[in-house]
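Take a look at the model below. The paragraphs after it walk through one chain, then the other, and then the place where they meet.

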Amino acid sequence: MGKLVGVWYGLAAIVLTIIWFVVSQIVDLPIIPSPVKVVENLADIFMQYIAIHSLYSLLRILAGLVLAVAIGLPMGVLMGYFPATDKFLAPIVYLTYPVPKIALLPILMLLFGVGELSKIVMIFLIIVFQVVVAVRDGIRAIPTETYYPLYSLGASFKDIFFEVLWPASLPKFITAIRVALATAISVLFFTETFGTQYGMGYFIMDAWLRVNYLEMYSGIVVLSLLGLVLFTTIDFIEKYTCDWQYKN
Amino acid sequence: MINIENLSVKYKSDSDIYTALSGINLTIPDGGTLAVIGPSGCGKSTLLKVIAGLITEYDGKIHINGEELNPKKQTIGFMPQNYGLLPWRTVYDNIRLGMKIKRAPELLDRKMLKKLMRQLGIEGLGHRYPTELSGGQQQRVALARVFALQPDVLLMDEPFSALDAITREEMQDIFLRLWHRFNVSTILVTHYVEEALYLGQRIAILSANSGDISTILDNPLFGGKDIRQKPEFFEMSLRLRTTIKKDWKQAWEN
């Protein structure tokens, strides 16, 4: 079945490329270049110009993600497992969750400078809430009886965490990261148009200002592929670590 | 040896105090079995939860092998009604879970574990997940888990109630075989008179709403060969039923 899924994805890629090609031929303007030309251009300039930008973008995403997990996961566990903590923290989380994080960018840039830190904090802010809420809800959904055999064995909190809390909330945790990453990538694009000379956002906007549409499209393709790689990696991790969910 | 002295449990809500158990006295000798029988809501599960260390607010004394009850010190094997298997762990990991938590990998070597699984007829299922198993198979895994621990006390909450009648009788036989081999002091809670008669060396009847034990009787039929087919078994279960009904009726009238 795994191979078949690959075939379908390949077909979808071909279909999308054909649509792109047809549209480019009909419109016949430099703003929509043919995919063939874009791929040719990409092959020419990727190692020389784009690779370093994509690496910057990837590292910013990973740094924000690691930070969000490091803070969001313990918070979600505390809120999900200890109702007293939840009573205290839930209002704070719920009042700050709906604030559109991108609107905070000017403040973040004033606080953390226009460099790396404000960009990473931005991504962190977007992912962390999703992680907290998902982990908390995942733990809350565990039936109380699940803990009984462990409690009666005198299990420590460490045991409870690794045997129950972590594996039970892992699927929701991974889903949250998948959802949040999509937003994080688009926000990253936006933040990379400020105060940096590196990153896919900078590359794409720079190409646009230079009216070099081939390079701009090359950048868009790379940014999309970056997202695709992240998603498939997450899917792969989920399939591997949560395989019990798919058995019935 | 398990010693329960004057055990009482009260649940407090905002406006009310509800007595779930009152003045329970019980002794289970080493390697003995006790069946507690009672209607729904009589506090059977509460009794088991207290001994399992899940309810810590109680009055009275509980001693296991002369020591005060403490899940960290004693090994308590608790088998909940729904088997208590972790859906994200394979059968093999589920069985080993208890040993892992007790930090006692030496308790059962692989060979012993394999043998235990073979005796329970689950040797080929080690890498499956609980959701891939039938109810009867899950029950066997749960039994393997508690017996692999060689606990000081084994607690079973309505152990075989979710199984169909034929599978239930089969599981009862399997339980008795393992119990004979490992000699584990066992308390089981049930609402089936036949199950209490078949598995309990002694049978305690919990009152319907006062939360105390009205009768404790020694079960002369326990351990006999094929007793389920014998007329004495029917007679005894009939007598037990009458006692229980009378007791519960009395309880309601009070």
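**Strands, helices and a contact**

Ala35(B) stands opposite Ile203(B) in strand S9 of chain B. This is a predicted model, in which local features need pLDDT of at least 70, side-chain atom pairs count only at pLDDT 80 or more, and totals for chains, interfaces and linings use all residues. Residues are numbered from 1 along each chain as its sequence is written, while chains are lettered from A and ligands numbered from 1 in the order in which they are written.

Stay with S9(B). The strand covers residues 202-206. Strands here are DSSP runs of E, at least two residues long, and helices are runs of H or I, at least four long, both numbered from the N terminus. Two strands pair if DSSP finds at least two bridges between them. S9(B) has a parallel partner in strand S3 (residues 33-37) of chain B, joined to it by 4 bridges. S9(B) also pairs with strand S10 (residues 213-218) of chain B, here in the antiparallel sense and over 5 bridges. Is S9(B) mostly covered or mostly open? It is mostly covered, with 4 of its 5 residues buried. A residue is buried if 20 or more other C-beta atoms lie within 10 Å of its own, exposed if 12 or fewer, and partly exposed in between; the C-beta atoms are placed from the backbone.

Chain B also holds an open sheet of 4 strands. Their order is S2-S1-S4-S5, and the pairing is antiparallel. The edge strands are S2 (17-28) and S5 (67-68) of chain B, each of which pairs on one side only. Strand S1 (residues 2-12) of chain B is joined to strand S4 (residues 59-64) of chain B by 5 bridges. Two facing pairs can be picked out there. Ile2(B) stands opposite Ile64(B), and Ile4(B) stands opposite Ile62(B). S1(B) also pairs with S2(B), over 8 bridges in the antiparallel sense. Asn3(B) has Thr27(B) of S2(B) as its bridge partner. A hairpin of 4 residues connects S1(B) to S2(B).

Now turn to chain A. Chain A has 9 helices and 0 strands. Its C-alpha trace spans about 70 × 50 × 30 Å along the principal axes. Of its 248 residues, 33% are buried. Two residues are in contact if their C-beta atoms, placed from the backbone, lie within 7 Å. Among contacts in chain A between residues at least 6 apart in sequence, 73% join residues at least 24 apart. The chain is divided into domain 1 (1-32) and domain 2 (34-246), with bounds that come from an automatic or database domain assignment. The C-alpha centres of the two domains lie 28 Å apart.

The expected span is 1.5 Å times one less than the number of residues. Helix H2 of chain A has 47 residues, and its end C-alpha atoms are only 52 Å apart, short of the 69 Å that a straight helix would reach. Where does H2(A) bend? The bend is at Phe46(A), and it is about 85°. That angle is taken between axes fitted to the seven residues ending there and the seven starting there. Helix H9 (residues 213-241) of chain A agrees with expectation: its 29 residues should span 42 Å, and its end C-alpha atoms are 42 Å apart.

H9(A) has a buried side to follow. Its buried residues include Glu215(A), Met216(A), Gly219(A), Leu223(A) and Leu230(A). What covers the buried residues of H9(A) includes helix H2 (35-81), helix H7 (157-191) and helix H8 (200-209) of chain A. Ile204(A) lies in H8(A). Why does Ile204(A) count as buried? It has 23 C-beta neighbours inside 10 Å. Leaving aside neighbours within four places in sequence, Ile204(A) is in contact with Met216(A), Gly219(A), Ile220(A) and Leu223(A). Ile204(A) and Ile220(A) are 16 residues apart in sequence but 6.8 Å apart in space, C-alpha to C-alpha.

Last comes the contact between the chains. It takes 20 residues from chain B and 18 residues from chain A. On the side of chain B that touches chain A, strand S6 (76-79) and helix H2 (91-101) of chain B are the elements that give two or more residues. The largest share, 3 residues, comes from H2(B). The residues on this side divide into 12 nonpolar, 5 polar and 3 charged. Ala, Val, Leu, Ile, Met, Phe, Trp, Tyr, Cys and Pro count as nonpolar, Asp, Glu, Lys and Arg as charged, and the others, Gly among them, as polar.
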